[in-house]
Amino acid sequence: MSGSVLLGIGVAWTAGIAVVGLCWPRTERLPLIASLALGGAIGPFAVGVAFLAGGTAGVPAARSVPVIGALTMMAAAWVAWRRWRLPLSRGPRTPLVVLLVVASAIVWSTWVAGRTHLGWDGTVVWYHKARMLAASDGAMPSTALADPTRSWTAPDYPLHVPLAMAWVRAWQPDEDERAIKWLPAAWCAAVWLLVAAAVLERTRSAAWTTAAVLLLVTAPRLLVGEGSYTSGYADGPLAGGLAALLWIVWRSDDDETGIWQPLLVTLAVVVACTKQEGLVAVAVAGVVSAWRAGRWSRGAFAVPAIAVALGWQTWVVWQGAPTGMAYEWPGLSGAVERVGPIAAAYVGEWLDVGVWGGLWPGLAILLWVHRKSVAMGPLAILATTSFFGALAFVWSDWPSVSLHLNVTVPRLIAAIAPSMIVIACGAGSSPKRT
């Protein structure tokens, strides 16, 4: 059972690597570790979308899955041959110590993933939809979206995670929820690879790269519990996708010809289709990018992603699905009263060493050491996105706002933790400027 699931995840990762190879500018060297990291972040969504397209077109899964797999292998081979012929230097090799640390982090997080469950959202929201998709050969049954007995499964939520789970489910001869945990383990591995690739490219230091990865992998909250990277929640893939988007946005900040737009659009679509917070992050990234460059075309990568995300929301509402947003305006006095508890909830998380380990002290040290190279653009995107996330609690219609904060704030922080590490190491800055 696990063998077939691993094969399906391997096909998904290969598809992501092929997409990265196609989108990465041919004038720029593509490090292997960057290809693996971005491929892991993009691949499950790519094959999930292909599976959805096949199901919507009426192609049975028994035919669409092997066809997608075969096309993936051929595309990957062609992309590898195409890039191998480019007259680009190979560049420095990834230091052995970085490879060992990343490999150890992957083994550790995979072990944890195999001994924990999908969690509430992972089971009743994401996996529930995945089972519907898999049972319908990849198509999303509109009648299920409008079914009032399924309203508690948030039918209007984005489709990245359930599409990826449905793809994995399609590779199983018999349903086994435990085997699905290989997918969060793969997403978690992509996060470690991504942080290593971004920090190593910017700092050229094996020591700082190792420290960056270790700060994340030793934070208990990122590996265990509801919303952790090893659970079935969407916070893990969102964390990886957001860090990748910020890295590539500012890796390409000198791009005058638009050669980075295909990769930026791809990453933006992945992020916007992962969680509703991802849509906010993409919109903020587009606006800030356009403002810093002084031209709207610089932020154009966000437009297709916003269109896709809003298009899905519009379609599910048109199909009769209830919205899952638990927010309403409490009045001015009620809003003011909530500001204090919201701030206290965030401060409490930052002070909880038992939950976050050495992440916050380590982050402070990284920010101080690299204070002259921290890119203000990515920092502004992250700060603005986090501000809107915190502001949303003012509109919470939960019976207990404190409970809403206790459940959600750790997940919001976990989703931006890799991005904070990448930015703290100056990895948001373009290497052309340093």
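Me: Where is the place of Asp137?
Reply: This is a predicted model, and Asp137 has a positive phi of about 60 degrees although it is not a glycine. Helix 5 covers 119-135 and helix 6 covers 142-146. Asp137 sits in the loop between helix 5 and helix 6.

Me: Does Asp137 count as buried, partly exposed or exposed?
Reply: Buried means under 20% relative accessible area and exposed means over 50%. Asp137 has 29% relative accessibility, so the label is partly exposed.

Me: Which loop is the place of Arg204, and how does Arg204 count by relative accessibility?
Reply: Phi of Arg204 is near 55 degrees, a positive value in a residue other than glycine. Its place is the loop between helix 8 (182-203) and helix 9 (206-217). With 56% relative accessibility, Arg204 counts as exposed.

Me: What radius of gyration does the protein have, next to that of a compact globule?
Reply: The C-alpha trace spans about 60 × 55 × 45 Å along its principal axes. For 434 residues, a compact globule would come out near 22 Å. The protein agrees with that, at 21 Å.

Me: Of the contacts between residues at least 6 apart in sequence, what share joins residues at least 24 apart?
Reply: Buried residues make up 56% of the 434 residues. The accessible surface comes to about 18300 Å², and 68% of that belongs to carbon and sulfur atoms. As for the contacts between residues at least 6 apart, the share joining residues at least 24 apart is 81%.

Me: Which residues form the nonpolar patch on the surface, and which helix gives the most to it?
Reply: The patch has about 430 Å² of accessible area together, and its members are Val280, Phe387, Phe388, Leu391 and Trp395. Phe387 has its place in helix 18. With three residues, the helix that gives the most is helix 18 (residues 376-391).

Me: Which residues does Ala34 touch, not counting residues up to four places away in sequence?
Reply: Ala34 is in helix 2 (residues 32-56), and it is buried, with a relative accessible area of 1%. Its C-alpha atom is 44 Å from that of Pro148, 114 residues away along the chain. Leaving out residues up to four places away in sequence, Ala34 touches Ala197 and Trp247.

Me: How far apart in space are Val407 and Arg371, C-alpha to C-alpha?
Reply: Val407 lies in helix 19 (residues 401-424) and counts as partly exposed at 36% relative accessibility. Val407 and Arg371 are 36 residues apart in sequence. C-alpha to C-alpha, the separation in space is 32 Å.

Me: Which residues form one aromatic cluster?
Reply: The structure holds 10 aromatic pairs. One cluster is formed by Phe51, Trp167 and Trp171.

Me: Which residue meets Arg131 in a salt bridge?
Reply: Side chains of opposite charge can pair when their charged atoms come close. The structure holds eight salt bridges, and in one of them Arg131 meets its partner at 2.9 Å, N to O. That pair links distant parts of the chain, 44 residues apart, with Arg131 in helix 5 and the partner in the loop between helix 7 (160-170) and helix 8. The partner is Glu175.

Me: Are Lys275 and Asp235 buried or exposed?
Reply: Lys275 forms a salt bridge with Asp235, with the closest N and O atoms 3.0 Å apart. The pair links distant parts of the chain, 40 residues apart: Lys275 is in the loop between helix 12 (261-272) and helix 13 (276-293), Asp235 in helix 11 (residues 235-251). Lys275 has 8% relative accessibility and counts as buried. Asp235, at 1%, also counts as buried.

Me: Which residues are linked in a network of salt bridges?
Reply: Lys275 also meets Glu277 in a salt bridge (3.3 Å, N to O). Glu277 counts as partly exposed, at 28% relative accessibility. The linked residues are Asp121, Asp235, Lys275, Glu277 and Arg411.

Conventions:
Residues numbered from 1 in each chain as written. Predicted model: local features only at pLDDT ≥ 70, side-chain atom pairs only at ≥ 80, totals over all residues. Heavy atoms only, no water. Patch = residues over 30% accessible without salt bridge, like charges linked within 9 Å, V, L, I, M, F, W, Y side chains within 5 Å. Areas by Shrake-Rupley, 256 points an atom, 1.4 Å probe, with all protein chains shown as cover. Salt bridge = Lys/Arg side-chain N within 4 Å of Asp/Glu carboxyl O. Helix = DSSP H or I, 4+ residues; strand = E, 2+ residues; numbered from the N terminus. Rg over C-alpha atoms; globule rule 2.2 N^0.38 Å. Buried < 20%, exposed > 50% of the residue type's maximum accessible area, 1.4 Å probe, protein only. Contact = heavy atoms within 4.5 Å. Phe/Tyr/Trp six-rings, centres within 6.5 Å; stacked < 30°, edge-to-face > 60°.
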